[in-house]
Amino acid sequence: MAGAVEARLAELGLTLPDVVPPLAAYQPAVRSGVYVYTSGQLPMVDGQLAVTGKVGAEVTPDEAKELAGTCALNALAAVKSLVGDLDRIARVVKVTGFVASAVDFTGQPGVVNGASELLGAVLGDKGVHARSAVGVAVLPLDAPVEIELQVELTEA
């Protein structure tokens with residue numbers, strides 16, 4: 001049975017995807033005490049990247065912002081795979097966003113807003129977080145954006 005968070009996703013017209021399988025030797029998420037740390041999540045949909053390239057060149061900032069939301073949704077799926085119920089999230093502590101950027105692109109915070117806004121829409125006040133938005137030369141599979149989360153859980 002879906003909890004309140006998944007009901008909110010449905011209200012927003014979103015579906016929690018299956019966990020994206022790791023591309024290398026790591027786990028999609030790990031738990032330490034009351035914290036869950038996700039690995040960096042790419043904007044994979046049905047096992048594929050819909051868009052590749054650098055933001056500010058082949059990818060527009062608006063496209064990348066939408067892709068950051070997809071990354072955040074994939075990160076929530078990784079959290080759920082570990083703890084079983086997204087209603088266990090007490091709060092999102094930190095979001096780290098990496099944006100594959102053209103040399104002159106400086107709008108990384110606006111791109112990562114796609115993840116922050118999705119988390120706020122889905123989790124309300126529990127989605128308010130600290131954040132870093134970092135421009136990088138290249139990401140795995142030539143993805144335009146990658147997002148990782150740190151979340152705090154409620155006590156079981």
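1. Glu 6 and Lys 80 join their side chains in a salt bridge, 2.7 Å from N to O. (A salt bridge here is a side-chain nitrogen of Lys or Arg within 4 Å of a carboxyl oxygen of Asp or Glu.) The pair ties distant parts of the chain together: Glu 6 sits in helix α1 and Lys 80 in helix α2 (residues 61-83), 74 residues apart. Lys 80 is partly exposed, because its relative accessibility is 26%. (Buried means under 20% relative accessible area, exposed over 50%, partly exposed in between, with a 1.4 Å probe and protein chains only.)

2. A note on the source. This is a predicted model: local features need pLDDT of at least 70, side-chain atom pairs count only at pLDDT 80 or more, and totals for chains, interfaces and linings use all residues. Residues are numbered from 1 along each chain as its sequence is written, and side-chain values use heavy atoms, with hydrogens and water left out.

3. The structure has four salt bridges. Another of them pairs Arg 8 with Glu 11, at 3.0 Å from N to O. Both residues lie in helix α1, three residues apart, about one turn of the helix. (Helices are DSSP runs of H or I, at least four residues; strands are runs of E, at least two; both are numbered from the N terminus.) Arg 8 is partly exposed at 30% relative accessibility. Glu 11 is exposed, at 60%.

4. Lys 54 and Asp 142 also form a salt bridge, 3.2 Å from N to O. This pair again links distant parts of the chain, 88 residues apart: Lys 54 is in the loop between β4 (48-49) and α2, and Asp 142 is in the loop between β6 (130-136) and β7 (145-153). Asp 142 is partly exposed, with a relative accessible area of 28%.

5. Now helix α3 (residues 108-123). Its 16 residues should span 22 Å at 1.5 Å a residue, and the end C-alpha atoms are 23 Å apart, so the two agree. (The expected span is 1.5 Å times one less than the number of residues.) The helix bends by about 30° at Gly 114. (The bend is the angle between axes fitted to the seven residues ending there and the seven starting there.) Gly 114 is also one of the buried residues of α3, which include Val 111, Leu 118 and Leu 119.

6. The unreviewed UniProt entry annotates residues 6-149 as "domain: Endoribonuclease L-PSP/chorismate mutase-like". (Such annotations may be inferred rather than shown by experiment.) That span is 31% helix and 25% strand, and its end C-alpha atoms lie 18 Å apart.
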